[in-house]
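Hello,

Here is the structure I promised to pass on to you. Have a look at it first, and then read my notes below.

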Amino acid sequence: MCDTCKKTFYITTPIYYPSAKLHIGHTYCTVASDAMARYKRLQGYDVMFLTGTDEHGQKIEEKAKAAGVTPQQFVDNIVTGEKGVLDLWKLMNISNDRFIRTTDDYHVAAIQRIFRRMYENGDIYKGSYKGKYCTPCESFWTESQLKDGKCPDCGGEVHDAEEEAYFFRLSKYASRVRKLLTETDFLEPKSRVNEMVNNFIDPGLEDLCVSRTSFTWGVPVDFDPGHVVYVWIDALFNYMTALGFENDRYHDLEKYWPADVHFVGKEIVRFHSIIWPAMLMSLDLPLPKKVYGHGWLVMDGGKMSKSKGNVVDPYVLAEMFGVDALRFFLLRTFPFGSDGSFSNELLINTINIDLANDLGNLVSRTTAMVEKYFGGTLPETRAAGEFDESLIALVSGLRDRYEAQMEKFQFQNALDEVFKCIQRANKYIDETMPWALAKDEANKPRLAAVMYNLLETIRICTTLLLPFMPDSCEKIFAQIGANADVETWDAAAVWGRLPAAVTVHKGEAVFPRVDAEKALSKLEELHQQQLRSLLPALEIEPYATEKVDFDTFCKSDLRAVKVKACEPVKKSDKLLRFTLDDGTGADRQILSGIHKFYEPEQLVGKTLVAIVNLPPRKMMGLASCGMLLSAVHTEKGEEKLHLIMIDDSIPAGAKLC
């Protein structure tokens, strides 16, 4: 087929927020996308596979500030630095055709043009936003959408936000989006459709805040200084700007758009299945053909998270078990549309059973027998016999069964079809007993047929495993004597394409068996090191060496006090003025230099501990009658202070002893 006649296939992963700690969950969607891209290339499609990084937003700005670098330096380090996103994709053998960063100049300019177009057509208007905001998710929520008062996506805290903003008329497209979701196969699996319709559209789709003024790290709104474009307009349009929409960097839009499929994690299905099509409708642009929302890899019932200490390092796993084994495990073990419960035990068992025992053993036994019984090259004379027909029938129909599952993105089921054939071939060895046939020279034609049937089974299965384990499959092809002519999609549907007088080249085991006990012990050791690394680097004040006798200690009158009011002291950056109920009926005033660590409104109503029998002293002209107790330490070079807060059920004036 000539290049200009090839069918095209455009697949995308979501562009990833640059996390400082990449884990195996980050690779899941991208490995699946890579397998689909390789599968379509195997079929002869002209594939465009896009991935990238989503680099704007408030959380990036805050993390960069905490790290003492600029936002651009922060994202550069994570994307292009050692063990960054690009390194991880290289490690996992990701074959993306293009990589976009939302800080790329061409993308920034395109987003400004897109924002202006929607503003000029009346779908973006200026207003004021007041509501709940989740910084990690870059998401605005109404009170009714919160779950137990927290972000329904990540479960984190939300805070009140109020600022001037531009809004997109999302409500205008509610009925069209609802029809898209309920009357077409635009969104899969179908369970995601119910979530979107029931939780977001039917309760009333509100207009979407699409600009921010409370931070600066984003695409500037070029006609209104001070506003930056909301991250989800910036991020979603990458799928088109990476093809040349509203820019001159690329010229592939007509060729590849609309996308055949967006693979996305379930936490961002709302943005891709509601907001994204509505914005495309606003600009009268073709919609992507499909959005597929996959599940998460979870550990101990929860999503992988650095803060939980359950991050699984892909570099460690790849070094211990091999990249292809890791890629295979992710797509063999978990149904793509559902959550998958990751464990090291499951990974090792999958490698040992499927790869070492079934596939690896089949390749090793077959090539060893061809070398032992025929010096490595099969004779062309062979004889059919019992059990051949059932094996050949099963393997000959494999490609069609495999294709049916891959077209539905059911990677696990497609691999299951392949391994049914591999397991059948292993059983075929036991049925035909080549070692018994080899005892009699007259049986050599039959033995040659058995060996050929095994090699041909391996060839077809290996061809269909190429999207999942590309490097390992090439090693298998080399061992069984296959060449490029018989490693194709078309050849996978035809039995007998391997040359009759094929020569094998037995090599090292492609998938060595894992010593489970030893591997688990090493992984547990690494996990404990990870947990220890999460502990803050604390510097504690040295203990006092001077001893205090008990009677002197007892002279300190420690009381529970309740904060009635708290306010900054004028002309002081450090002092807060507390009005306290100490149980005596008269207010007590204490000044404390803790404004660096607390805002006044955080402390009103809290129950604290104070020493109340210290002599009063003046600070900034105000009397301070006592001292509040706190704990101080240094963490990573920064001083930390925590007021001692006690149970609010303890009454004011209660003596601590």
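K40 counts as buried because its relative accessibility is 4%; buried means under 20% relative accessible area, exposed means over 50%, and partly exposed is in between, with a 1.4 Å probe and protein chains only. Before we go on, please keep in mind that this is a predicted model, in which local features need pLDDT of at least 70, side-chain atom pairs count only at pLDDT 80 or more, and totals for chains, interfaces and linings use all residues. Residues are numbered from 1 along each chain as its sequence is written, and side-chain values use heavy atoms, with hydrogens and water left out.

Which residue does K40 meet in a salt bridge? The partner is E407, at 2.8 Å from N to O; a salt bridge here is a side-chain nitrogen of Lys or Arg within 4 Å of a carboxyl oxygen of Asp or Glu. K40 sits in helix α1 (residues 24-43) and E407 in the loop between α16 (398-406) and α17 (411-432), so this pair ties together parts that are 367 residues apart in sequence. Helices (H or I, at least four residues) and strands (E, at least two) are DSSP runs, numbered from the N terminus. E407 counts as partly exposed because its relative accessibility is 37%.

The salt bridges come to 37 by this rule. Another one joins D224 and K126, whose closest N and O atoms are 2.8 Å apart. This pair also links distant parts of the chain: D224 is in the loop between β9 (211-212) and β10 (228-229), while K126 is in strand β4 (residues 124-134), 98 residues away. D224 is buried, at 13% relative accessible area, and K126 is partly exposed, at 42%.

E417 and K420 form a salt bridge with closest N and O atoms 3.8 Å apart, and both lie in helix α17, three residues apart, about one turn of the helix. Why can such neighbours point the same way? An α-helix has 3.6 residues a turn, so residues three or four places apart do so. E417 is buried at 14% relative accessibility, whereas K420 is partly exposed at 40%.

Now look at helix α6 (residues 174-183), where A174, V177, L180 and L181 are buried. Seen down the axis of α6, these buried residues fall within an arc of 130°, so they line one face of the helix; the arc is that of the directions from the helix axis to the C-beta atoms. The face turned away from that side carries the exposed residues S175 and E183. Among the elements covering the buried residues are β7 (187-188), α7 (190-201) and α11 (269-282), where contact means heavy atoms within 4.5 Å.

There is a sheet to find as well. Five strands form an open sheet in the order β19-β18-β17-β20-β23, with antiparallel pairing; two strands pair if DSSP finds at least two bridges between them. Its edge strands, β19 (587-592) and β23 (627-628), each pair on one side only. Inside the sheet order, β17 (residues 558-568) and β20 (residues 607-611) pair in the antiparallel sense over five bridges, and K562 stands opposite T607 in β20.

F553 counts as exposed because its relative accessibility is 51%.

Enjoy exploring!
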